[in-house]
Amino acid sequence: MAPVPPGIHLLVSFNREQWYRALTFMLTFLLYTSFHLSRKPISIVKSELHKNCSAASELAAATGAVASGGGQETSFPSLHTETQCSWKPFDKSNYKQLLGAMDYSFLCAYAIGMYLSGIIGERLPIRLYLTVGMLSSGLFTCLFGLGYIYNIHSLGFYIFVQVANGLVQTTGWPSVVTCIGNWFGKGRRGLIMGLWNSHTSVGNILGSLIAGYWVSSNWGLSFIVPGLIIAAMGVVCFLFLIERKSKTGSAELQLICGLPVPASVLVQNYDTELLLPRDAVCVPAQPVVVVKSESEPSAISFMGALRIPGVVEFSLCLLFAKLVSYTFLFWLPLYITKAAHLDAKKAGDLSTLFDVGGIVGGILAGVISDKLGKRASTCAVMLLLAAPTVSFPMFWFLANKHRMLLVCGGLVNGPYALITTAVSADLGTHKSLKGNARALSTVTAIIDGTGSVGAALGPLLAGVLSAGGWNQVFYMLMTADFLALLLLLRLVTKELSSSKPHPVSAIE
């Protein structure tokens, strides 16, 4: 008989629950990657919506000067027309404010919707809730791209699409964090969620590359293709997502095997049937009396979630941390286009280095916080180091652009990633909840919703301040980092005064 290959030995060494856990990790990773992939195109397309028309204007002026110098009366048509150079209505001198308003409309709707999304998500099946959100997001993302196909120049149309897309995208984050929190315990949560949260940067990178491929030839496809991708992933979510592992699978197995089981544990459901190993029956099944469990704990209220220690501090800290991160997300490609004089595609490709650094920063933040057992202190150190690095674009031509983008991305996204994942999961399963696992979605929504207020303010302020020079934008980003640091000082002090490390010492 031929020996069994080592790869097969490896595959059969995992039980069914471990396979479902791995499936949930990979599936939720891909699902939220598609969310960020569909958000990124707007930052790439901005430089195409308003191009630098100065070269065409100078050429037209030079042509006119030559003609007048030769004593000719013939008037030449201008080589620069608004419709040829920029996309109405972003062809005016106030284009930065209009682009900023478009960002703000998406992010403001996202911030408002996020507070409601967590509460709704606690009361609906996550799989269906997430599927509807992804299909709707795919629709609205495609609609933005259809504005190019059908030559739509109404600002109201683009604002409406952004608001609608912002609202439906709020279904994503509370749902995937709840799923991953249900399947993975507190052991090495920082590392696991640091790896998992790299979906944010992976989505940004893929979104930049996909949007950049079509931005110069047909920017409508820069939205339509990501829209189709997130819609397709919504179908995958409906077909394969398992929301939580069953708490009663082991109890049913004990009962079938003739072992004593507490009467209050057992309840039959679909997930239990899926998670029970088929080969684990010890004796032929006997007639079984199924005793339903006591009523499940009710979902936590909004005010109840706010009373969990640490929720307010981390939420406000995330407001400023996300302000910085999303300002880079929405404005970095445009800034590179203006400062380095690159076309939209090259600027988009270069901006992906910021997201590559974000992947490394998120993982490092998780590993360090697991090792030290100090979430708040890890965030505080990274915020302190990030404050000076966000000013590097002011010295664009003096610095190593590639290296600084990597470092800046790691330090900016590290605290943001840690708070939105491991910290949110820690707080959503806080000991004050007495085992009520139905608070995770609401707590996640409160923290990320508050952070999304900063995400909405950052790009809006960038659009306003950049009119007076880009340096003002970077001073704003440094100030935001320092404010985020100040908001964590109480928790940092509590962690440092603790005699021994504990994974969530500051928030217990």
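The legends below describe close-up views of aromatic rings and their partners in a predicted model.

**View 1. A tilted pair formed by Phe 90 and Tyr 158.** Among the 21 aromatic pairs that the structure holds, the one between Phe 90 and Tyr 158 has ring centres 6.3 Å apart and planes at 55°, so the pair is classed as tilted. Phe 90 belongs to the loop between helix H5 (82-85) and helix H6 (95-121), whereas Tyr 158 belongs to helix H8 (residues 155-168), so the contact ties together parts that are 68 residues apart in sequence. Both Phe 90 and Tyr 158 are buried.

**View 2. A cluster of aromatic residues joined by ring pairs.** Trp 87, Phe 90, Phe 144, Tyr 148, Phe 157, Tyr 158, Trp 219 and Phe 223 are linked into this cluster by ring pairs. Phe 90 and Tyr 158, the tilted pair of the opening view, are among its members.

**View 3. Lys 46 over the face of Trp 331.** Lys 46 lies over the face of the Trp 331 ring, at 4.0 Å from the ring centre.

**View 4. Arg 127 over the ring of Phe 238.** Here the charged end of Arg 127 is placed over the ring of Phe 238, at 4.9 Å from the centre of that ring.

Definitions and conventions. Residues are numbered from 1 along each chain as its sequence is written. This is a predicted model: local features need pLDDT of at least 70, side-chain atom pairs count only at pLDDT 80 or more; totals for chains, interfaces and linings use all residues. Side-chain values use heavy atoms; hydrogens and water are left out. Rings of Phe, Tyr and Trp (its six-membered ring) pair if their centres lie within 6.5 Å; planes under 30 degrees apart count as stacked, over 60 as edge-to-face and the rest as tilted. Helices (H or I, at least four residues) and strands (E, at least two) are DSSP runs, numbered from the N terminus. Buried means under 20% relative accessible area, exposed over 50%, partly exposed in between (1.4 Å probe, protein chains only). A charge sits over a ring if NZ of Lys or CZ of Arg is within 6 Å of the ring centre and within 35 degrees of the ring normal.
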